[in-house]
Amino acid sequence: MRADHARLLTLLAWSGPQPPRSAYLHPSYVCVFLYRLSNHWFRAGHGWLARIAWHVNVLLTGGDINYLADLGPGLVLLHPAGVSLMGTAGRNLTVMAGCGLGGEINRQDDVAGWPGVPLLGDDVVLEPHSGVLGPVRVGDRVRISSCVVVTRNVDDDMVVTGPAPKLLRRANAGAAAAHEPPC
């Protein structure tokens, strides 16, 4: 917990002229604290307490970090609402808004200690709306850019970016728009 708090303070310090002294009530810290508590209770054999702490975390912060996840020290979720994490990660994982780690249905390969979930190395950054799905290995010091979903192994010291968006013009766009139902 000390490593999580110290890292969050370091990341928050750049945003203001005077560094904050404490982040114990910051939503990021509360979310990580409740995850650590639920994970501890699960490992101690108190599954019902672990599940209660997990539910409180989802309701209070909006962060869905499964108590089975094995996330190393220095975990920071900059915006916990909408984040869903299930997998294994090393030290200093940074997770931004709307990110996810998880398994794929019917994928039973085992790379992270249990089938179907990802294994992330140290110092991985997940930018907003990115994710890692399935039994894949992501190396150390990897940055996954916004709106990218990783489904294959990634080596150390890589930046994963998505393809440039393509804008396709429909043939007869004016006539098609007149017949489409409103969203």
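**Entry 1**

I began with Arg43, which counts as exposed at 54% relative accessibility; here buried means under 20% relative accessible area, exposed over 50%, and partly exposed in between, with a 1.4 Å probe and protein chains only as cover. I note that this is a predicted model, in which local features need pLDDT of at least 70, side-chain atom pairs count only at pLDDT 80 or more, and totals for chains, interfaces and linings use all residues. Residues are numbered from 1 along each chain as its sequence is written, and side-chain values use heavy atoms, with hydrogens and water left out.

I looked up salt bridges, defined as a side-chain nitrogen of Lys or Arg within 4 Å of a carboxyl oxygen of Asp or Glu. The count by this rule is three. In one of them, the side chains of Arg43 and Asp70 meet at 3.5 Å, N to O. This pair links distant parts of the chain, with Arg43 in helix α2 (residues 27–43) and Asp70 in strand β2, 27 residues apart. Helices (H or I, at least four residues) and strands (E, at least two) are DSSP runs, numbered from the N terminus. Asp70 counts as partly exposed, at 36% relative accessibility.

**Entry 2: the other salt bridges**

I then examined Arg143, which forms a salt bridge with Glu127; their closest N and O atoms are 2.5 Å apart. Arg143 lies in strand β12 (residues 143–144) and Glu127 in the loop between β9 and β10, so the pair ties together parts that are 16 residues apart in sequence. I recorded Arg143 as partly exposed at 35% relative accessibility, whereas Glu127 counts as buried at 15%.

Arg141 forms a salt bridge with Asp157, and here the closest N and O atoms are 2.5 Å apart. Arg141 is in the loop between β11 and β12, and Asp157 is in the loop between β13 and β14 (159–160), 16 residues apart. Arg141 is partly exposed, with a relative accessible area of 42%.

**Entry 3: the sheets**

I used the rule that two strands pair if DSSP finds at least two bridges between them. Strands of a sheet pair through backbone hydrogen bonds, either parallel or antiparallel.

An open sheet of four strands has the order β2-β5-β8-β11, with parallel pairing. Its edge strands are β2 (70–71) and β11 (137–138), each pairing on one side only. I found two bridges between β2 and strand β5 (residues 88–89), in the parallel sense. Asp70, the partner of Arg43 in a salt bridge, has Thr88 as its bridge partner in β5.

Five strands form an open sheet in the order β1-β4-β7-β10-β13, and the pairing is parallel. β1 (64–65) and β13 (149–150) stand at the edges with a single partner strand each, so one side of each has no neighbour in the sheet. Strand β4 (residues 84–85) and strand β7 (residues 100–102) run parallel and are joined by two bridges. Within β7, Gly100 is the bridge partner of Ser84.

**Entry 4: helix α3**

I checked the length of α3: its 15 residues reach 21 Å from the first C-alpha to the last, close to the 21 Å expected at 1.5 Å a residue; the expected span is 1.5 Å times one less than the number of residues. Ala50, Ala53, Trp54, Asn57 and Thr61 are buried in α3. Seen down the helix axis, the buried residues of α3 fall within an arc of 100°, so they line one face of the helix; the arc is that of the directions from the helix axis to the C-beta atoms. Trp48 and Leu59 are exposed on the other side of α3.

Trp48, Ile52, Val56 and Leu60 make a nonpolar surface patch of about 440 Å². Patches are made of residues with over 30% relative accessible area and no salt bridge, with like charges joined within 9 Å and nonpolar side chains (Val, Leu, Ile, Met, Phe, Trp, Tyr) within 5 Å. Areas come from the Shrake-Rupley method with a 1.4 Å probe; for residues, only the protein chains shown count as cover. Leu60 belongs to helix α3 (residues 47–61) and is exposed, with a relative accessible area of 60%.

Val58 also lies in helix α3 and is partly exposed, at a relative accessible area of 31%. I noted that Val58 and Ala81 are 23 residues apart in sequence and 8.3 Å apart in space, C-alpha to C-alpha.

**Entry 5: positive phi**

I last looked up backbone angles. Asn92, a residue other than glycine, has a positive phi near 60° and is found in the loop between β5 and β6 (94–95). His129 is not a glycine, yet its phi is positive at about 60°; His129 sits in the loop between β9 (125–126) and β10 (131–133).
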